[in-house]
Amino acid sequence: MNSFFERRYIIAGIFITIIIILLARLFYIQIVDPKYAIYAGKNVLRQTIVYPARGPILDRNGKILVQNEPFYDIMIAPREVKPFDTVEFCKLLGIDRDGFNKRWIKAWKYSPVLKSVFEKQLTAQTYASVSERLSEFPGFSAITRYLRNYPDSVAAQFLGYIGEVQDNDIKRSNGYYHPGDFIGVTGVEKSYENVLRGQRGVNNQMVDSRGTLKGKFANGLYDTAAVPGQRLTSSLELNIQKLGERLMQNKVGSIVAIEPSTGEILCYVSSPTYNPNLMVGRERGNNAAKMYADVYNPFFIRPVQAKYPPGSSFKPLSALIALQEGIITPQTTYYCPGYYQAGNRRVKCNNGEAHGLVNMSSAVAESCNGYFSMVFQKIIDHNGIKQTEASYTNWRNNVKKFGLGNRLDLDVPGESRGNVPTPLYYDNIYRKGGWRSSTIIPLAIGQGELLATPLQMANLECTIANHGYYYKPHLVKAIGVQNVIKKEYTVRNYVGIDSGYFEPVINGMQAVVEHGTGNHSKIPGIIMCGKTGTAQNPGGEAHSVFVAFAPRENPKIAIAVVVENSGEGAHWAAPIASFIVEKYLKGSISQRESGITVEYFANANRLPDSALYYSRFRKKVLPKDTAKKLKADSLKKPVKGLKGASRQNKKDSSTRLLAVLPKGKDDK
Amino acid sequence: MINNQRSFFFNVDWVTVFIFLALCTIGWFNIHAAVFDERYPSIIDAHTNYGKQFTFIVVSVIVGGVILLLESRFITALAPAFYIITLLLLAIVLVVGRNVGGNQAWINIGGGFRLQPSEFAKFSTCLLLARYLSGPNIRVTEPKAFAIAAAIIGLPMFLIMMQPDMGSTLVFLSMVFVLYREGLSPYFLIIGALFIALFVTSILFPPLLVIGVIVVITLAVIGLLRRNKKVVYTMLTGLAICVVFVFSVKFIYNNVLKPHQKVRIDIILGIKSDLRGKGYNLNQSKIAIGSGKMWGKGYLKGTQTKYSFVPEQSTDFIFCTVGEEWGFAGSLTVIGLYLFLVLRLILIAERQRSPFSRIYGYGVASVIFFHVMINIGMTIGLVPVIGIPLPFISYGGSSLLSFTILLFVLLKLDSNRMGIV
């Protein structure tokens, strides 16, 4: 005991105080502040996305148009690599020694510990021989990926393609997409993206401070499995689609065939087309750039984006409208002197041929311009000249009911409206009230400012075939395994013409094929009702147009064929249409009286002069830097493997990295 | 003789022995969790550090037992010899020592084991300090005695600073508690605390601002007590010293401290946050402890330690494993055990009849407490990162053995407290 005995309390007090400070701090960081627990979770948790297989797309009979083909990426974890026979290995993968070194350096730079892609997208055939021997090469492994594959390489414009998401896709998706994800860019891949893409799964794994995987987090409690995308059954019929693409090769134009009783599109050809397989895989960007440079622009979806004056195929419309309005009767006739005099404008018939006395049926059959000009003028003038604009507006509204001048809401993107000119349009040209029926008389015969897409033309034929209504044309018949059909596709759209009025028109159309302009294209045993057309083309030779439906009773197919710059509809479009119709109805093509053959048309080259074509189409269609972007896209390889904490080795020079390469047997 | 034996066992402070064993066991299990190796899951597997730690514990217990059987007189008599041997070892290590982690602190003694003389310096310094201060007519308050005591503490400090092991050097500062108990003016503690506060503020704030505040406070106090001339002079002297100190802090901070020490101070004061670089260790350590929450993640389930996010996890940062796997409950238990141990040691010291034992007892308590304070404080970001082990828990033979010797010598002295040393 000494005099400073009391000081033990002070010392003990200091000790206790400091301990309390420690405990208070511990209490704070362990219990009060939640952020450390969150950080700890972030430290160890590595989420990897499990990509679902994209849904396949089938034709109407269940034949595959697009499926997923497995590809194999060879992965490498450089640290785990042991010395091996590099020559043998290169031979297996089909790469050379330089390529091997490059890949090795790249992988090592990415991370010596983490797996990265060594060789991308091996086909199943190549992989078969690799997989047998992969175990001999420690550090290498393989993962399976899926790419789109098109067994028949058809219907490229319908199917569209997928590509890596762009920044604005990511923004718009509210975080669904991540950089490197794939998304439908055009066609059905785009419009049915939500159905096709499926649902992604998440794998939660734990990693250590170096980023090495350490197993499942919480025994996989929070993992979700990927749900594969749903399949789509398209309305296309593979056989006629193939035939159509064959017939249209080396031609510019399109074929659209629709089943009138459902609105299902059976054939959807845009020519020139491309092999959709080119838009997949490593060469995708280069291929796309090449196709963008093609003067005839295979990416232009002609069935819905190209607009043509419908020509003769439009003629019956005005007559039907006039019948419905009571302006003419089915018995109304016209004496054709070879032309029609509308004011000071004279509408000539084809080749100035005088048809004599024609009624509605024979006017359709003989394509008498005079008759239809007469009908059109009656429609516009029947309320007096002062009412020109009102009458025209009324006519226009009736025409629009047939689906012209409006989008038909096809289930793939990119549709054009076509054109039925507004009264305002003429006001702007001629001043208000300054135009008369005679001014706009070319509309009567489907010329002038009137423009329709091949899809609209085919839909018009459906309406005629159905005697007055159509179903919205669509390309996807059913969604998923349950074959869900969209409600809107089961609704009849009436065009406001009584069904009885169609008979004279149909009679005329039958006559066109039986003994009129289309008689070369008569199909043995099938009554086809058609109408040839020659769409005036201010830039060059007229477009060959043919519209038809068949058979006459209980029609199964309506079709529109356009062959650009090929003159008369009877010469090119009609025979092509007849082959499609016959193939669809009979399954095969029989000998024709006229002697026309599929081979002849398939082999014929009707491509217009490319220089001419370029000046007319290119600038509008091709956004300047699209091709550049696509090319860059193919160079940008998505970073595979796991992003990890590999801060080291960034600065290492290539030579040093090569030194890490295990010495192979061949190096002696 | 029989009577003597019985009283020997009766007199050993078994409570302290129990705490000692508890802490060793806790340490052993946490080392197992911290450096768990799937290839050698057994806690006594000799391939691993937890297996080795088991050996160290066994050896330490045996050594502790041997110490209890020694003669007390033997220990006091040999105090100067221990001290000189330690100084020699500390000098030798500077020449032939192995450099580990920037510190030349280890001597290879064969068989894969290494000796860290600085760990044993604590023991021998305590011993010699006790021996000197317990001498007849020695008062710390006298300048000469104070100087000699300071030299006894300062010599090993200087040699360790040469390694340079800053952590172990600072441990010797804990002797101020011993001196205080023996009569050192309380101003040493107060001024010491004041200087620490001044040091921190003058790093955090511009020196002129700090001096301005001090001047204002001093003038206010002088104004209140202006009649007492002595206070006024003291205050003015103090003010002058403070001003000099504030400026020298900046100088020391910028020119004397090594860059890594500067950064550690910066990080603790929140001036810098370099979570990927210099601040990584502390940040990961806080994450580990903080993520333990109330009850912890469970034995061998700490992701921060198991997946090596925390550095030095079996030695200096072993408390992370405690905090992460056993939560606040575990932290409270461990810290509670330490507090209980330290208070128990003060109690033991105070019940000694001989000043030697008392002084030595305070030395032991101070050293252990200082280690606990700095080590745990460092893991939770209260003090800068200073690498010193957590007594009895951190992995390491030298550390465990030296603490065991430190503690069991006191227990030996205590068991003889009725006798005259």
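Helix 3 of chain B, residues 49-69, has 21 residues and reaches 30 Å from its first C-alpha to its last. That is close to the 30 Å expected at 1.5 Å a residue. The model described here is predicted.

Which residues of helix 3 of chain B are buried? They are B:Y50, B:Q53, B:F54, B:F56, B:I57, B:S60 and B:G64. Seen down the axis of helix 3 of chain B, these buried residues fall within an arc of 165 degrees, so they line one face of the helix. That buried set packs against two helices of chain B: helix 2 (14-34) and helix 17 (397-415). The face of helix 3 turned away from the buried side carries exposed residues. These are B:V58, B:I62, B:G65, B:V66 and B:L69.

Chain B as a whole contains 17 helices and 3 strands. Of its 421 residues, 44% count as buried. Take the contacts in chain B between residues at least 6 apart in sequence: 69% of them join residues at least 24 apart.

The 3 strands of chain B form an open sheet. Their order is 1-2-3, and the pairing is antiparallel. Strands 1 and 3 of chain B stand at the edges, each with a single partner strand, so one side of each is left without a neighbour in the sheet. Strand 2 and strand 3 of chain B pair over 2 bridges. Within this part of the sheet, B:I107 has B:L115 of strand 3 as its bridge partner.

| Strand | Residues |
|---|---|
| Strand 1, chain B | 98-100 |
| Strand 2, chain B | 103-108 |
| Strand 3, chain B | 114-115 |

Next come the nonpolar cores. In soluble globular proteins, nonpolar side chains tend to be buried together. The largest nonpolar core has 135 residues. Which of them touch the most other members? They are A:A257, A:A458, A:I559 and A:I580. Helix 20 of chain A, residues 573-586, gives the most to this core, with 8 residues.

A:I559 shows the contacts in detail. Not counting residues up to four places away in sequence, A:I559 touches A:I255, A:A257, A:A458, A:E461, A:V547, A:A548, A:A577, A:I580 and A:V581.

Methods: Residues are numbered from 1 along each chain as its sequence is written. Chains are lettered from A and ligands numbered from 1 in the order in which they are written. This is a predicted model: local features need pLDDT of at least 70, side-chain atom pairs count only at pLDDT 80 or more; totals for chains, interfaces and linings use all residues. Helices (H or I, at least four residues) and strands (E, at least two) are DSSP runs, numbered from the N terminus. The expected span of a helix is 1.5 Å times one less than its number of residues. A residue is buried if 20 or more other C-beta atoms lie within 10 Å of its own, exposed if 12 or fewer, and partly exposed in between; C-beta atoms are placed from the backbone. The arc is that of the directions from the helix axis to the C-beta atoms. Two residues are in contact if their C-beta atoms, placed from the backbone, lie within 7 Å. Two strands pair if DSSP finds at least two bridges between them. A nonpolar core is a set of buried Ala, Val, Leu, Ile, Met, Phe, Trp, Tyr and Cys residues joined through C-beta atoms within 7 Å.
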